[in-house]
Amino acid sequence: MAETKSCDTELKTAFPSIVQRDTTQREFSHFFVAKDLLPTIARHLHTQPGLHGRLALLWAVDNRPARNTYELHYLFTLEPSHRWVLLSTELAKDDRVFPSITPHIHAAQWYEREIRDMFGLIPQGHPDLRRLVRHEHWPQGAHPLKKDFPWDRALGRQQGEHRFHRIEGEGVFEVPVGPIHAGIIEPGHFRFSVAGEPIMQLELHHFWTHRGVEKLFEQQPLAAAVPLAERVSGDTTFGHSLAYCQAVESLRHLDVPRRGRYLRSLFLELERLHNHLGDVGAICNDTAYALPHAHCSRMKEQIMQLNDRLTGSRFLRGLNRVGGVALDLTAAQLAEIAAEIDRMEQDFSELESIIAHNASLIDRLEATGVLTERTAWDHAVVGVVGRASGLDQDLRRDRPFAAYDELSVKVVHYRYGDVRARMRVRMDEIHESMRLIREIRLRIPQGPVAVESSPRAQAGEWALSAVEGWRGEILYMVMAGDNETIQRCKVRDPSFVNWPAIQWAVIGNIIPDFPLINKSFNLSYAGNDL
Amino acid sequence: MFRILKKSLKTGVATGRHPQATQSSEPLTPEAHKKASAFNRSLAIREVDTGSCNACEVEMNALTNPVYDAERFGIHIAASPRHADALVVTGPVTVNMARALKDVYKQTPDPKLVIALGDCAIDCGAFKGSYAVTGPVDRHIPVDVRIPGCPPRPADILKALTDIQERP
Ligand code: SF4
């Protein structure tokens, strides 16, 4: 691609000292840079009009056992071309400090705090160095992703209290909510500052369900970690296991047979469908409009029962494996899916017109919880939430995986950024998923659904993989260790980037609208906390 | 209005349109039965997630949909532990949630039942041994009923909960 070349040359001309690495992966440029130059180059990538780089992922690797260094990797997606550019740097020997890019690129804020917590490396110049993943009662010096930190020794306890940002003044109240909430929801803490009704500030205090997932990956053989990936965020079982399997497949240079890839797309759309159906109902329910909720949760249940009949798992567990999928569907089963989808499309369309004609519902949703395009971009927000705020991005179209290179995905996006826009994105995507499922049924080729995986992965090699799950972009970076072990596995659920943005979407709204706004984001706590 | 009525008539009764429970939880201990008899067949449940992957939550939520409609058996979800007869706990107990779990237990009035839902709550499941996990639920609070599965299907959960309501 000419565009690619020009972006690479531009970077090299602008910064002669950077070194380009060879990469086997297409659509991917890799540059090695000195750590002091990092903020400048990152900023260039982010702000230069022709480049428009969105920080997609930032991860560290403790490479002390092999090379006595820590590695830092910054992955950018260039928005016009969707090309990936990776900047890497190394901290030599006893160096524990790296320059923060957060002052230039806001989206780096949680990543850098995460790296500090998990590796003990210090992002110099970061405006907020409070703990993020480590709650204050974790003992000093506990950085779990350091290689010399034992994975299986439960953490001790020390005294400590989280310091929230305070707003002071006459009539300002703080309202703490959580970690345990009133419904059947995961734990998280929200601290509101209000003066009268409107919210002046919301601060999140999450990571209550931190289970040490990334460290647990390092204890597993490459081929055996799929069940763990399925349990990163249960509602996205298939999306996560797919992203993990794809990464291992590219490490092992495996080509999944076409039928296997079509089935993967099919299952991914079924997962999107039942989650989106549930969300549309739940958003209505949070305005106390119970009727759509009843219908939507019934339809969601129908899809989950369909999943169960077809695969033996309501969540599509145990389906993905390295090299393809574990089970094939017969023509009769595919016809059963199509028939169910046809019935449901009719069913859902009727419900949609009921919803659209309810003025008081629309009134609650409109202009509630607005996330502007600018704020969304600054946070590098992904998925449904991004598309509702005007960010036209969808990996199924932009970086096709599974069978999406042969299917045309219509991507919708709205510009209002309010609860209604987030609901409409979901509604449109429900129809699009149904259409895709029908198309898959018509086009699915015959053949095997998986390849046997024989070639071994080289120690130290790594691969990236991206999947557009129902919430948004799921990223995995898997680095192989000796003898088919995992040296490092970086997991990035879309929730991790979208959570901070909610703090901005609620400002000026009233607390009673918070559950509604939160529902319209519907982010995972488990996937965020890891 | 007409649209809504038409929709309801067309949909019919969804309740009960689900496969039967297949897997049964462990038989109820006599002590658990004795405790449960105080609730007179109504069961107010407070759900507590102590580090689950959230699939167990999805299935608990499914109990409230029209298909399972647990309310018809007198099972309802309470918004506060102070209103609860039973705690349903999901997930391994993470280091960060251990305190909160004990607090919730203390705030639930006696007599109370503790139900460990899912493999994680029973033996930490996929997260066993991790530095961030303190152990299964019964390391922290006494557990009366265990519902295995990863996650257990809603029909199985419903069966286990209605078993609790049976007279011994
Ligand atoms: S038992 Fe399974 S489904 Fe339930 S929380 Fe644990 S991993 Fe998730």
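pLDDT is the predictor's confidence in each residue, from 0 to 100. Chain B averages a pLDDT of 89, and 96% of the residues score at least 70. For the complex, the predictor gives an ipTM of 0.92 and a pTM of 0.94. This is a predicted model, in which local features need pLDDT of at least 70 and side-chain atom pairs count only at pLDDT 80 or more, while totals for chains, interfaces and linings use all residues. Residues are numbered from 1 along each chain as its sequence is written, chains are lettered from A in the order in which they are written, and side-chain values use heavy atoms, with hydrogens and water left out.

**Domains of chain A**
- Chain A is divided into domain 1 (2-124) and domain 2 (213-528), with bounds that come from an automatic or database domain assignment.
- The centres of these two domains, taken over C-alpha atoms, are separated by 27 Å.
- Their contact (heavy atoms within 4.5 Å) takes 31 residues from domain 1 of chain A and 25 residues from domain 2 of chain A.

**Nonpolar cores**
- A nonpolar core is a set of buried Ala, Val, Leu, Ile, Met, Phe, Trp, Tyr and Cys residues joined through side-chain atoms within 4.5 Å; buried means under 20% relative accessible area, with a 1.4 Å probe and protein chains only.
- The largest such core has 167 residues, of which Leu87(A), Phe217(A), Tyr244(A) and Tyr476(A) touch the most other members.
- Helix H8 (residues 258-285) of chain A supplies the largest share of this core, eleven residues.
- Domain 1 and domain 2 of chain A each give this core at least three residues.
- Apart from it lies another core, of 28 residues, including Leu43(B), Ala62(B), Leu63(B) and Ala160(B).

**Helix H8 of chain A**
- Helices (H or I, at least four residues) and strands (E, at least two) are DSSP runs, numbered from the N terminus.
- H8(A) is mostly covered, with 25 of its 28 residues buried.

**Chain B**
- Six helices and seven strands make up the list for chain B, and along the sequence they follow the pattern α-α-β-α-β-β-β-α-β-α-β-β-α.
- Of the 168 residues in chain B, 56% are buried.
- The C-alpha atoms of chain B fill a box of roughly 55 × 35 × 30 Å, taken along the principal axes.
- Among contacts in chain B with a separation of 6 or more, 86% are between residues 24 or more positions apart.

Terms used:
Buried < 20%, exposed > 50% of the residue type's maximum accessible area, 1.4 Å probe, protein only.
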